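Here are my notes on the model. Please read them with the coordinates open.

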Amino acid sequence: MFLRGTSLRHLISGAAGFIGSHLCDHLLAAGHDVVALDNFITGSPGNIGHLDRHPRFHFEECDVTVPLKTAGRFDGVWHLASLASPKHYLARPVETLESGSTGTRNMLEIALRDGARFLLTSTSECYGDPLEHPQAETYWGNVNPVGLRSCYDESKRYAEAMTMAYHRTYGLRSNIARIFNTYGPRMALDDGRVVPAFLDQALQGKPLTVFGDGSQTRSFCYVSDMVEGLVRLAASEERDPVNLGNPSELTILEFAARIQQMLGSKLPIILQPLPSDDPRKRRPDISKAKRVLGWEPKVSLEDGLRETVAYFKAQADVIARR
């Protein structure tokens, strides 16, 4: 069975990113070989620095939107390269669209060349500001195709369409993961998403910034659970999209209170205008993942935040000693 037993060779784009680096760790620990790609637009060398001398890890700095010349045959191709945070994709909309379009096709071509399995990490943003709640894979979404966020939303929707086209046209063994909010160690504190933003502000003793009135909801999945879901999906025969996320839903104000409780602080909360097209509701229906993959999150928010806070505190200590 794929990913079990015999050592396989994997190609991972976006490998120096938050989730990508944890996926590298997981596959290497399982005895596989990993060739990692990243151009460090949003990924960090520090996320994979601990793998520099690993005998089964090889890193290539490159841009997946240009033709790839990676040598050797691969058994698994994982396309995680993406500018996933609003801060980054709003600043680089063209690059964001290219990573989902040209980048996806370049990675698909390698999988097709080698007869490899292909996994695309898509996003819950395919559902836009949803009119259906919770969001199941059968929901087609409510996306503004020309709004500020469209560069990210439409890049992922296009990437899904391209992946399905390769499967239907060429019989490519593909999988599509629609990832909901994920958090944990190695997130960038300055990437603008709610977990690192709150933790960055709290650890500096600053007020917590909440957009809108804080009634919008999110659900938070710890990174180890997410990687386990991706690996199970890649080993499955499911070709249509599968939601991966934690169905436990919180308002942003409730989440801010959890951060205050975790850090023993009553930092004030500042309200700012809600960004354009920001989803009001976000909660995955994971019944398909439970049924097809036997997967559901195991790590509680309290335990996951504890690990994440410890990581960011350790990073702050390292910076302070420099």
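This is a predicted model: local features need pLDDT of at least 70, side-chain atom pairs count only at pLDDT 80 or more; totals for chains, interfaces and linings use all residues.

1. The largest nonpolar core has 55 residues. Those with the most contacts inside it are Ile-12, Ile-19, Trp-78, Phe-198, Leu-230, Leu-244 and Phe-255. Helix H8 (residues 223-234) supplies the largest share of this core, 7 residues. A nonpolar core here is a set of buried Ala, Val, Leu, Ile, Met, Phe, Trp, Tyr and Cys residues joined through side-chain atoms within 4.5 Å. Buried means under 20% relative accessible area, exposed over 50%, partly exposed in between (1.4 Å probe, protein chains only). Helices (H or I, at least four residues) and strands (E, at least two) are DSSP runs, numbered from the N terminus.

2. Residues are numbered from 1 along each chain as its sequence is written, and side-chain values use heavy atoms, with hydrogens and water left out.

3. Strand E1 (residues 9-13) is mostly covered, with 4 of its 5 residues buried. E1 pairs with strand E2 (residues 33-38) in the parallel sense, over 5 bridges; pairing requires that DSSP find at least two bridges between two strands. Ile-12 stands opposite Ala-36 in E2. Not counting residues up to four places away in sequence, Ile-12 touches Leu-23, Cys-24, Leu-27, Val-34, Val-35, Ala-36, Leu-37, Trp-78 and Leu-80. Contact means heavy atoms within 4.5 Å.

4. Is Ser-21 buried or exposed? Ser-21 counts as buried because its relative accessibility is 0%. Ser-21 lies in helix H1 (residues 18-29). Leaving aside neighbours within four places in sequence, Ser-21 is in contact with Ala-15, Asn-47, Ile-48 and Arg-186.

5. Helix H7 (residues 194-203) is mostly covered: 7 of its 10 residues are buried. The buried residues include Val-194, Pro-196, Phe-198 and Leu-199. Just after H7, Gly-205 takes a positive phi of about 70 degrees.
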